[in-house]
Amino acid sequence: MSRQISHGDAPLSAGRAAAQPVWDLPVRLVHWTLAGLIAFSWWSVHNHHTDWHIWSGCAILTLLIFRLLWGFLGSSTARFSSFVRGPAGVRDYLRGRWNGIGHTPLGALSVIALFGAVAVQVGLGLVSEDEDGLFTGPLSGLVSIDASDTARGIHEFWFENVIVPLIVLHVAAIIFYRLRGKHLTKPMITGRAIVDPATKPMRPAKWWVALICLAVSIGVVRWVVAGAPPFGHWTPPS
Amino acid sequence: MRTRNFVLVPLIGLLGACGGPQTSQVNNPQANTSNESRAEDQAAASNLEARVSVGDAAKIMHARHEGMETIGKDFKALHREFDSPTPNLALVRTAAGQIAGLSRQASGWFPEGTGPEAGKTGAKPEIWKPENKADFAAKLAAFQRTAAAFNATTTRGDVGAMKTRYADLGGACKACHDKYRTEMHH
């Protein structure tokens, strides 16, 4: 998506490198849409708009599936293979022995934790129902009423005790790096950052691959929203 | 799913049998004589103005909690059936009848003195504010009216009509809960 064209928001003055692409457009769109939808999900369910909350969750599911596919087919910095590292990688990074673009080995842990926690949250929401039986998740028909009630309880617990702390940690880490002189927010908006010229540049993926990933994720969610037939059926809130 | 429902029907019946007599004992006479035609009359639909002793308040609040919980369980069972392409109509009729019966009992569930000052409850004190009394009574009457209308449709075989009336009933539940029930009330 991001083409490597020679313009940047930093002037090409002597001794200073140009901003290079680090995040492709799908990564940035997923990031900010996810942030917005999590906030919207929280607001809507606390303001008597459980129907909007359910649709927001379905939209988040679409993002998660897209991002999972993009983690295999996307630009180099979007791929799990480029940023998921074991404990040794994290140790090396903490000792200053890491040089690259994209997620750092430590940041990758945060990405995986957030992604996994949101996936669990969506999974719980899909089989939940509200306290009054007014609203059901698309897959609630696949489990018992008791299981749906239990899922809702864990769904609430999970948000307050896992999702919110992870978001706080995420924002705190960004502030921490900012205080140390590293700006992380702007590259997530513009997709570009000033990087060491010796660093291997981002290898962008084809834009039509993103469209295919999006079509597949929408297709899967469309099936989920139907109640995953033939296993179940779901009538959306009117 | 189907076998669960066979278990659920007698279970719901059992719940009704337990909750029923206990509930009517604590209701005041006005509530017990209320019926669908009275429900249309908003002023008579609830006992907001009645005052009760502390002991009665505890009993009424307990009956209210149990009653609401039973209604919620029935409503969830109904939701499953209406999400399904082949709803179990026997279960639908049982649940609809029980909700309609409890909705009539609800006339006696909200006397003055059964708010949060009397104990743990999801009922907001706004219910008993003078400016809200007419609105609350109207919402309670709408609950009773829609519950009776839904129950009436279940005696016939038209599932589409049942779903419409069920949605009306859900709307009545939601309108009142959104305004007069606290979020944290377990």
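In the predicted model described here, the axes of helix 1 of chain A and helix 2 of chain A come within 9 Å and cross at roughly 160°, where axes are lines fitted to C-alpha atoms, for helices over the stretch in contact, and angles run from 0 to 180 degrees between N-to-C directions. The two helices, helix 1 and helix 2 of chain A, are therefore roughly antiparallel to each other, a term that applies to angles over 145 degrees, whereas those under 35 count as roughly parallel, 65 to 115 as roughly perpendicular and the rest as oblique. Helices (H or I, at least four residues) and strands (E, at least two) are DSSP runs, numbered from the N terminus. By class, the residues of the contact of helix 1 with helix 2 of chain A comprise twelve nonpolar, seven polar and one charged; Ala, Val, Leu, Ile, Met, Phe, Trp, Tyr, Cys and Pro count as nonpolar, Asp, Glu, Lys and Arg as charged, and the others, Gly among them, as polar.

Residues are numbered from 1 along each chain as its sequence is written, while chains are lettered from A and ligands numbered from 1 in the order in which they are written. As the model is a predicted one, local features need pLDDT of at least 70 and side-chain atom pairs count only at pLDDT 80 or more, whereas totals for chains, interfaces and linings use all residues.

Chain A contains eight helices and two strands, arranged from the N terminus on as β-α-α-α-α-α-α-α-β-α, and its C-alpha trace spans about 65 × 35 × 35 Å along the principal axes. Of the 238 residues in chain A, 31% are buried, that is, have 20 or more other C-beta atoms within 10 Å of their own, with 12 or fewer counting as exposed and values in between as partly exposed, all C-beta atoms being placed from the backbone. Chain B has seven helices and zero strands, and buried residues account for 42% of its 186 residues. For contacts between residues at least 6 apart in sequence, the share that joins residues at least 24 apart is 66% in chain A and 76% in chain B.

The two chains meet through 15 residues of chain A and 17 residues of chain B, and the side of chain A that touches chain B consists of three nonpolar, nine polar and three charged residues. Within chain A, and not counting residues up to four places away in sequence, A:Leu61 touches A:Val122, A:Val221 and A:Val224.

In chain B, the axes of helix 5 and helix 6 come within 9 Å and cross at roughly 155°, and these two helices of chain B are therefore roughly antiparallel to each other. Helix 5 of chain B passes helix 6 of chain B in a left-handed crossing, in which residues including B:Ala96, B:Ile99 and B:Ala100 of helix 5 meet residues including B:Phe143, B:Ala147 and B:Phe150 of helix 6. The contact of helix 5 with helix 6 of chain B has eight nonpolar, five polar and two charged residues.

Most residues other than glycine have a negative phi, and most peptide bonds are trans. A:His48, in the loop between helix 1 and helix 2 of chain A, has a positive phi of about 60° although it is not a glycine, and with 15 C-beta neighbours inside 10 Å A:His48 counts as partly exposed. In the segment after helix 8 of chain A, A:Ala228 likewise has a positive phi, near 60°, and is partly exposed, with 17 other C-beta atoms within 10 Å. The peptide bond from A:Pro229 to A:Pro230 is cis, with omega near 5°, and A:Pro230 is also placed in the segment after helix 8 of chain A.

Conventions. Contact = placed C-beta atoms within 7 Å. Left-handed = near helix turned anticlockwise from the far one by under 90°.
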